[in-house]
Protein chains: 4
Amino acid sequence: MQEIGIGLIGSGYIGKTHAIAYNAHRAVFGGPLVPVCRALAEIDQQKATSAAAALGFDRGVSDWQQMIAADDIDIVAIATPNALHKEMAIAAIEAGKHIYIEKPLALDTHEANEIIAALEKHNARHAPLVHMLGYNYLCNPMISLAKEIIASGELGTIVHFRGRHIEDYMADPSIPFSWRCSKAVSGTGALGDMGSHIISMAMYLIGPIVSLCADTDIIIPERTDSNGAVKRVENEDQAQAMVRFASGVMGFLETSRVATGKKQGLGFEIVGTKASLEFDQERMNELRLYETSSPNGRKGFKTILVDSNCPDFKAFCPAPGHGLGYNDLKIIEVNRLMKAIAEGAAVPVDIYQGRNIEMVIDTCVLSASERAWKDVR
Amino acid sequence: MQEIGIGLIGSGYIGKTHAIAYNAHRAVFGGPLVPVCRALAEIDQQKATSAAAALGFDRGVSDWQQMIAADDIDIVAIATPNALHKEMAIAAIEAGKHIYIEKPLALDTHEANEIIAALEKHNARHAPLVHMLGYNYLCNPMISLAKEIIASGELGTIVHFRGRHIEDYMADPSIPFSWRCSKAVSGTGALGDMGSHIISMAMYLIGPIVSLCADTDIIIPERTDSNGAVKRVENEDQAQAMVRFASGVMGFLETSRVATGKKQGLGFEIVGTKASLEFDQERMNELRLYETSSPNGRKGFKTILVDSNCPDFKAFCPAPGHGLGYNDLKIIEVNRLMKAIAEGAAVPVDIYQGRNIEMVIDTCVLSASERAWKDVR
Amino acid sequence: MQEIGIGLIGSGYIGKTHAIAYNAHRAVFGGPLVPVCRALAEIDQQKATSAAAALGFDRGVSDWQQMIAADDIDIVAIATPNALHKEMAIAAIEAGKHIYIEKPLALDTHEANEIIAALEKHNARHAPLVHMLGYNYLCNPMISLAKEIIASGELGTIVHFRGRHIEDYMADPSIPFSWRCSKAVSGTGALGDMGSHIISMAMYLIGPIVSLCADTDIIIPERTDSNGAVKRVENEDQAQAMVRFASGVMGFLETSRVATGKKQGLGFEIVGTKASLEFDQERMNELRLYETSSPNGRKGFKTILVDSNCPDFKAFCPAPGHGLGYNDLKIIEVNRLMKAIAEGAAVPVDIYQGRNIEMVIDTCVLSASERAWKDVR
Amino acid sequence: MQEIGIGLIGSGYIGKTHAIAYNAHRAVFGGPLVPVCRALAEIDQQKATSAAAALGFDRGVSDWQQMIAADDIDIVAIATPNALHKEMAIAAIEAGKHIYIEKPLALDTHEANEIIAALEKHNARHAPLVHMLGYNYLCNPMISLAKEIIASGELGTIVHFRGRHIEDYMADPSIPFSWRCSKAVSGTGALGDMGSHIISMAMYLIGPIVSLCADTDIIIPERTDSNGAVKRVENEDQAQAMVRFASGVMGFLETSRVATGKKQGLGFEIVGTKASLEFDQERMNELRLYETSSPNGRKGFKTILVDSNCPDFKAFCPAPGHGLGYNDLKIIEVNRLMKAIAEGAAVPVDIYQGRNIEMVIDTCVLSASERAWKDVR
């Protein structure tokens, strides 16, 4: 086993998820590469030091640029608000480090293109860097199983995809104004935060989206920030879009941060001519499959529980149905990164695919503003 | 108790549902009026006679016009393919009979207007007739409970409505071409058949739909008819629409006759700022409610089972959770008709509301063909 | 079609269920025999007259003996408190009428034997009478499907049966003392009321029960009757029993009238070496099946929705998943009676089988009192 | 933060779960103590070395006694077959090390008493050792929430407990004979393996079990071992018991290793006079609660999803519904051990409680063999 040095920027909610995954990775997967928590960058030295201690990093640093430059850092992981991704990613690329960026890639397609330009410039002259985005839901063994089932042809011709990622974390009007409500820091609202997840899922399972018609809403137009100031919410609380995939398949996507009662409402239903598949992240260890090939009187949606037939599961537990949790998806994602670096394996979402997701989001914004169907380009 | 004479046209699937409901109505509701099965009209005398015997009607007739004219017929019930509704409805109105028409009202808005014109002409000179459409799903006690919950304000402000009626009865390409695949006899495909159900539900619970953008698909372009001839399917297998209600609420509606695995996939999710409601006709005796007013650590979607707090249920059974079936909805619908005639009570969907449903369907067709948002008018 | 005259004793909850079923039977099944509601017997003439009108009977009578004797009565249906069953059943048998008795057959095995003696005495000299008990849950098409699946051998060897019928209709201590709490009128409590249902289900699906060990409880020892008098509850609120079937299969049965939250908690889980089956009456149109024969990665409990592959369903509706309700089970039960009379078909539970159920209940009472395993005999 | 040295014996299925938990603990909980993976003992040096590397231990050793003696080992974790627990536990106690033993504690009550004797002997002369058993399911935040709900009195008087832990890992007769089928190595079969889990759950939530009547079965009497030898299965494949708790509450417990279709079928239903609670480990992030205090028309079982109101959850993720997995329970369990050592906090199951579980299991075996109710003592 060979160790590989991680430098993580950001120790918030998602930064902690990274830390747990890096620490657990070896015991779960045992290789090929083993991530080692070298440095954690935070906004000031005090926060960096205490977070590094708590999360198991060798050192805390207040200067992320310096951290990127350090020799013992092989991978730069970026877990900061969206508006910071571009600058950090480009800096890491220019320093010749592999990058692991939390979704969404950037504020918009334009920023994504700048990152890609930096990457291509680097790769033209140096050994190519590995780049992976943190779309952790795609790493669920049940999603891998779903992808296998689709690839096998068992669904027949796919005729419809309904997907959504809806939550209610901003449903209460008394929840304060945060960076997520600001166009400058977050870009879009629900679309970039959770919409990007269901868009990534749709494209991962069904393929490119070529045209769409979207509608968006701001439900709670003003929120009070932590200083007591009333501020205007600048981006959408909910959005929905009818889409067409490159294959011609009709689809529907929906996202919301005000969907009262939904906590992790990422799910989809895929209708095929021979079988249908359903998934709901709130029951993330289950996949529902209806097969027309079952005999009469024995047809029905079957609830498949995770087991060692689902890729990656065995590394966690040999026992079927002994389900995974949200944080486990990050461990699998980290392993994908390890395999990409060690073996050149493909990652679920690289920067190019991340840009495609940005393009769909940008097209949603445009379509909603013009109230018209738009091609994704 | 006073008896009232029923003349039913059509003894197919839905005609039989009518017959069961008329026969059972008295024992369930015990009044105010009691429907009596006087005459059943069918395509020829032999079929009419045997169906009348089997379904408990006094006589079978082959001439529906004659039946409408008969003195002992007070209500004309129309359970025939859509293309026949207009002529039969107008004839019944002109004969001064109450009308009970299976959904959808007609082939399109234009036909609906002709029926309304006949009704208004009659009512201008005579005692007004009762008119009710057979949108039986609205009669479910759980839907009545949902309507009560919405009316109570418990949901707060409604911010989203997702609805659908999807089934798979035409998913198998070997299913023969039927009248439902013909524009001339059926008008639209999935939209008129099941789409009308979810549109009626959306309007019943949320109010008028004022604009929409729809997309439609023919998945299986050709089917073989019962004579072995290959025929082109002329109307949509699936359709979806983003909508806006008069209240400004964002919504999404979907329908399909090729949704592999769905047998009675009529359902909705209503998101409110204080509570959310979910319903699925495949579990028609349940309503799911999430209330933000529950204490922390005790919040969650609650599965409410039908009981005597749900309107109409008590007439069937005093015991909670001893659920109703699909045919029971028709018994309740018949009782609504009895109460409309006896007491002037409102019906769930009258001819005017039925026309509004046709207008939404027509707008879907227009929007899909022009690939643009359209106002409903 | 030939008509057959029904005389019903009792117009309470279950009597009304009978009435609905008799009225609807013809339109649903169209034969072979058609039940006609001739007479309804109640406690006094006024109640009898009004109930007969409401429930669609030709006449109401206050003298059930007289009703039994009437020439136009072919079937005597008994829907009265348990303590009255024996006398009425014997009178009907002696009058040469077919009998249709609501469960449980009688207060205990001793009474059951008296009814059987009367029947055998009659049948020794006359054409044998048809006798059927009202165990309506056995008539569910999903239960018929379960029975077919078991008979097919698809489960392999059955190794365990867990069953229960638990409800909460007496969970609230303020619910008044009723005849069901009295040993003299009801016999046992939960055991005879709902326990008999799950015992009948267990025996219907798995076979005779040969030994058991039971435990019982009175949770609410006193209740106030409708006159305000505090009375001692004389029979069990809940009971459970480990059982062994004649086949050697291990089983567990449970019943309760104080199971907070359960409304129609009749259900079972059958474990076989090749497949397992699960059922819950609160979702009575579903059957859950796990098949080890499914390929790896495609195994899971499958939710089969009712459709025309399930016996009796097609008569109600041709459309799959358009589920039945509680009252529909009685229509099927009535049809079983019609077929027994017309064609000699077997009924789900006849008087002999009903006595076997009484024997299991009596053995439960004995076992609980002696705190020991007991053979059923 | 202070580090504490772990010496783990056994690197199989459950040993790996330990390793993942030790590695992840700091990043999740950040203290108070931080477990450090010092040594891993396995059957030979080669296996020990490679397992230590894969699971993140500093060294692998083939001599567990030597490992126990090492100065840098503060906690001895025992994850070996049941027959080895006693000797290892006593050795660790005598070496003055805290012990963390995988369930069940030992082969039977007699062995448990020997371990306790060693502990008491040690503690009489030295600082008392911390002792914890690995009943990980008790550490689920949903179980902690259930315990809080019970303690709050919200259920009213508890009147029934049904619990079970059933799986199907030995359902297939072709699964080879393993140590779990041997009395000498495993003691009981399903009872000790999974039965101990549901017994621990029952006692954790409801209190001591004072009497019981059990029944057991061997379904597959012979299995082939890995050398092709046909061997007799010596312990039960399934078992069930009616129990009475010290509080008088009636209960039922069941376990099976041949329950076709169940993968992690640990669950319970607790009936109270005011509310009822349900749990199923296959959906381990949900708890179902029915409250009679809900208004009429708004009563129903509520599905509570894990969130920061559930103890321990917040350490993993701030976002509600972002569920935990099976391995996360071990991380919480490890944290319980850390808090017990650092702060003297109580553990979910210590050696004394572990002995009580053994006593219930032994009483089940006795009761089944004598076919009689037995007191637990």
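Predicted model: local features only at pLDDT ≥ 70, side-chain atom pairs only at ≥ 80, totals over all residues.
Contact here means heavy atoms within 4.5 Å of each other.

Q: Which residues of H4(C) and H5(C) meet?
A: From H4(C) come C:Lys86, C:Ala89, C:Ile90 and C:Ile93, and they meet C:Glu111, C:Glu114, C:Ile115, C:Ala118, C:Leu119 and C:His122 in H5(C).

Q: How do you know whether H4(C) and H5(C) are roughly parallel or roughly antiparallel?
A: Look at the crossing angle. The axes of helix H4 (residues 85-94) and helix H5 (residues 109-125) of chain C cross at roughly 5° and come within 9 Å. Angles under 35 degrees count as roughly parallel, so H4(C) is roughly parallel to H5(C).

Q: What makes C:Glu114 and C:Lys86 a salt bridge?
A: The cut-off is a side-chain nitrogen of Lys or Arg within 4 Å of a carboxyl oxygen of Asp or Glu. The N to O distance for C:Glu114 and C:Lys86 is 3.2 Å, so the pair qualifies. Because C:Glu114 sits in H5 and C:Lys86 in H4 of chain C, the bridge ties together parts 28 residues apart in sequence.

Q: Why is C:Lys86 called partly exposed?
A: Buried means under 20% relative accessible area and exposed means over 50%, with partly exposed in between. C:Lys86 has 21%, so it is partly exposed. C:Glu114, at 30%, also counts as partly exposed.

Q: Are B:Lys330 and B:Glu333 buried or exposed?
A: B:Lys330 has 0% relative accessibility and counts as buried. B:Glu333 has 1%, so B:Glu333 is buried too. Their side chains form a salt bridge, at 2.8 Å from N to O.

Q: Why are B:Lys330 and B:Glu333 separated by about one helical turn?
A: Because they are three residues apart in helix H9 (residues 326-343) of chain B.

Q: How do you know that D:Glu3 and D:Arg38 form a salt bridge?
A: Their closest N and O atoms are 3.9 Å apart, and the limit is 4 Å, so the pair counts. D:Glu3 lies in strand S1 (residues 2-9) and D:Arg38 in strand S2 (residues 33-41) of chain D, so the bridge links parts 35 residues apart in sequence. D:Glu3 is partly exposed at 45%, whereas D:Arg38, at 16%, counts as buried.

Q: What makes A:Arg162, A:Glu269, B:Arg164 and B:Glu254 one network?
A: They are joined by salt bridges that share partners. Over all chains, the search finds 95 salt bridges.

Notes. Residues numbered from 1 in each chain as written. Chains lettered and ligands numbered in written order. Heavy atoms only, no water. Axes fitted to C-alpha atoms, helices over the stretch in contact; angles between N-to-C directions. Helix = DSSP H or I, 4+ residues; strand = E, 2+ residues; numbered from the N terminus. Parallel < 35°, antiparallel > 145°, perpendicular 65-115°, else oblique. Buried < 20%, exposed > 50% of the residue type's maximum accessible area, 1.4 Å probe, protein only.
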